[in-house]
Amino acid sequence: MFPLGGAVLMSTLSPLAGIASPIALILAAGAIGQDVSSGTLQLLLVRPVSRPSVVVHRWLAATLAATVITTMTLILGSVALVIRGAHPDALDLIRMVLESLCSAAGSAAVMVMLSTLVGGLGDVALFFATLILSQMLEVLGTFKNWGWLVRACAEIHGALSPQLSWEWMLHGTPPSWFALVSWASTVSLAIAVGIARLNRRELSYAAG
Amino acid sequence: MPPAERGRVSGPSRQDPKLLWIVAAALLVARVATGIYEEHHPPEKPDLVSWVPAAAAPARAAAVGRPILYDFSAEWCGPCQAMERDVFADAKQAATFSTFVVPVRVVDRRREEGHNSAIVDSLQRVHGVSAFPTVVIVGADGKAIDRLEGFPGAQHFVRWVATASARARMAPGLGSPIPIP
């Protein structure tokens, strides 16, 4: 709601650009871990459902829900801007929807992967612990002029919330293949690790 | 024989995603390869700053109440390209930068064409430009408020622009006071 208010006040959709990632994080938090802790997953897996499909469907559900919420907010923001006399660019709106989809898919994949590693909402703690630790190390790296550490921390940030810019679409320039491949690599690795971890996990009602 | 249950999974329920691992490994290799390639051949990034023509800048500055920023650069200048990539092509930095000043780009073409246009020559002479990049912030009366030679990094640069433009707004003796936007 705050970003929407900001967008209306500033007469631009920019404040809504980054909301997909936190929404996906919230929706995917505990996606697997909470079901393991509560025993729901053990019950679900007595049905003919494979473990990889549980991981993939949880990821898809969180991605889809976060994208729909973000798109609705963007549409609402655009309507509010039109009412106030500003005219948001349609191509820019499409770019923001595509970026939201990529951010949501990336963040949801990472959160679902973390969720297969720990029970309950431990994935949220793991996410923020990694984020804070990497930020502290980045400050240390900047202070000590250790470029390799700063670069490593930037890569960790990128891996925690993978994003993909579609700005090139508006300007007719070629996309950055590194950015595209980095995003796809992080998402596929997160899903693969999540499936591998859940496949090897011993599930019982005492687990969690 | 009982009818097959709808949605029944054939094969092991813990099937290892071999294809996904192959795709992930291939993407990881491609990530390293494209990273190395783009380190040496940075992709063309769009300039996100709405540059104002030099002739139109004073009127525009007076209209929006911001000082003029002259960016003296050249195509062959390495630090100018770094500034282009890290500030003018970066959505966040370019947006912040554009809120403080009316930006004017003054590109030196002597090396490519043998001479500059009259307005480029005149601006370079007036502001004593001897190196690239040189950035000069000018108040509404045309007097230079501050100047920066070289590119000190995106964050430092944008901070300098913010500070210098604030000084330009508060500077006494300007022809007409510049209101805070």
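Which residues of the largest nonpolar core touch the most other members? In this predicted model, local features need pLDDT of at least 70 and side-chain atom pairs count only at pLDDT 80 or more, while totals for chains, interfaces and linings use all residues. Residues are numbered from 1 along each chain as its sequence is written, and chains are lettered from A and ligands numbered from 1 in the order in which they are written.

The answer lies in chain A: of the 49 residues in that core, A:Ala24, A:Ala28, A:Ala62, A:Ala108, A:Ala109, A:Met111 and A:Val112 touch the most other members. A nonpolar core here is a set of buried Ala, Val, Leu, Ile, Met, Phe, Trp, Tyr and Cys residues joined through C-beta atoms within 7 Å; buried means 20 or more other C-beta atoms within 10 Å, exposed 12 or fewer, and partly exposed in between, with C-beta atoms placed from the backbone. Two or more residues each come from helix 2 (20-28), helix 5 (51-83), helix 6 (90-117) and helix 10 of chain A, together with helix 1 (18-40) of chain B. Helices (H or I, at least four residues) and strands (E, at least two) are DSSP runs, numbered from the N terminus. Helix 10 of chain A gives the most, with 14 residues. A second, separate core of 33 residues includes B:Tyr70, B:Phe100, B:Val104 and B:Val138.

Turning to the contact between the chains, 25 residues come from chain B and 24 from chain A, contact being C-beta atoms, placed from the backbone, within 7 Å. On the chain B side, helix 1 of chain B supplies the largest share, eleven residues. A:Asn199, in helix 10 (residues 177-200) of chain A, touches A:Arg51, B:Arg14 and B:Asp16, not counting residues up to four places away in sequence. This asparagine is classed as partly exposed because 18 other C-beta atoms lie within 10 Å.

Strand 1 (residues 68-74) and strand 2 of chain B run parallel and are joined by seven bridges, with B:Phe72 partnered by B:Val106. Strand 2 (residues 102-108) of chain B is mostly covered, five of its seven residues being buried. Strand 3 (residues 134-138) and strand 4 (residues 144-149) of chain B run antiparallel, with five bridges, and B:Ile137 has B:Asp146 as its bridge partner. These two strands form a hairpin with five residues between them, where B:Gly142 in the turn has a positive phi of about 90°.

How values were computed: Two residues are in contact if their C-beta atoms, placed from the backbone, lie within 7 Å. Two strands pair if DSSP finds at least two bridges between them.
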